[in-house]
Amino acid sequence: MKTETKEILSRYPAGERNMLIPVLQEFQETFGYLSRENMIAASEYLNVPVSKIYGVATFYNQFSFSPKGRNHILLCRGTACHVKGSLGVLERLEQLLGIKAGETTKDGQFSIEVVACIGACGLAPVVSINGEFHAKMTPDSLDRLVAQYKQGGK
């Protein structure tokens, strides 16, 4: 077990099943995703079956099972964004990066996550990169935006 994993678990009372979500949140924040090893460690420490941990983690969107890219892209597919062309933006994004939604580029530079709603419907279609919102995206404006991030900008 990694030292960081042990340190995180040590901050919570052993066997306290109600600490599962805070432990998972701290793993997510520290490592960027929930690894199989960390879920097993949490299972043993909190006395919660791994299957239960997986069930909880898949229920909440905040948890990921694979590392995210240094530039994590959220693309909204909510109703307003859909009506204003987010599918075309998604298709261009996947083409530009050579990955599908839910994946990370081999170099770890970019990852794409599709979300049901970002909550910025008046700016549709919306893309968020590392928490920075980009409004009224089109495939062409996306080309320029991704190029900036590829060059280390933004």
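Asparagine 47 is exposed, with a relative accessible area of 53% (buried means under 20% relative accessible area, exposed over 50%, and partly exposed in between, with a 1.4 Å probe and protein chains only). This residue lies in the loop between α3 and α4 (helices, H or I of at least four residues, and strands, E of at least two, are DSSP runs numbered from the N terminus). Although asparagine 47 is not a glycine, its phi is positive, at about 60°. The structure is a predicted model, in which local features need pLDDT of at least 70 and side-chain atom pairs count only at pLDDT 80 or more, whereas totals for chains, interfaces and linings use all residues. Residues are numbered from 1 along each chain as its sequence is written, and side-chain values use heavy atoms, with hydrogens and water left out.

A positive phi, of about 50°, is also found at lysine 136, which is not a glycine. Lysine 136 is placed in the loop between β4 (132–134) and α7 (139–150). The peptide bond that joins alanine 124 and proline 125 is cis, with omega of about -15°; proline 125 belongs to the loop between β2 and β3 (127–129). Most residues other than glycine have a negative phi, and most peptide bonds are trans.

The largest nonpolar core contains 18 residues, and those with the most contacts inside it are Leu20, Val23, Leu24, Phe27, Leu34 and Ile53. Such a core is a set of buried Ala, Val, Leu, Ile, Met, Phe, Trp, Tyr and Cys residues joined through side-chain atoms within 4.5 Å. Two or more residues are given to this core by each of α1 (3–10), α2 (20–31), α3 (36–46) and α4 (50–59). The most come from α2, which gives five residues. Leaving aside neighbours within four places in sequence, leucine 34 is in contact with Leu24, Phe27, Gln28, Met39, Ala57, Phe63, Ser64 and Phe65 (contact means heavy atoms within 4.5 Å). A second, separate core has 16 residues, including Val89, Ile129, Leu145 and Val146.

Within α4, Ile53, Val56 and Ala57 are buried. These residues lie on the same side of α4 because they cover an arc of only 95° around the axis, the arc being that of the directions from the helix axis to the C-beta atoms. Ser51 and Phe59, on the other side of α4, are exposed. The cover over the buried residues of α4 includes α2 and α3.

Glutamine 109 is situated in the loop between α6 (86–97) and β2 (110–115), and counts as buried because its relative accessibility is 17%. Residues up to four places away in sequence not being counted, glutamine 109 touches Gly69, Arg70, Asn71 and Tyr149.

The largest pocket has a volume of about 220 Å³. On a 1 Å grid over the protein atoms alone, a pocket is an open set of points where a 1.4 Å probe fits, with protein on both sides within 12 Å along at least five of seven lines, and lining residues have an atom within 4 Å of a point. Grid points are joined across faces, edges and corners, and the volume is the space filled by probe spheres set on the points. Of the 16 lining residues, Phe63, Ser64, Lys68, Gly102 and Glu113 are the closest to the pocket centre. The largest share of the lining, five residues, is from β2. By class, the lining comprises six nonpolar, seven polar and three charged residues (Ala, Val, Leu, Ile, Met, Phe, Trp, Tyr, Cys and Pro count as nonpolar, Asp, Glu, Lys and Arg as charged, and the others, Gly among them, as polar).
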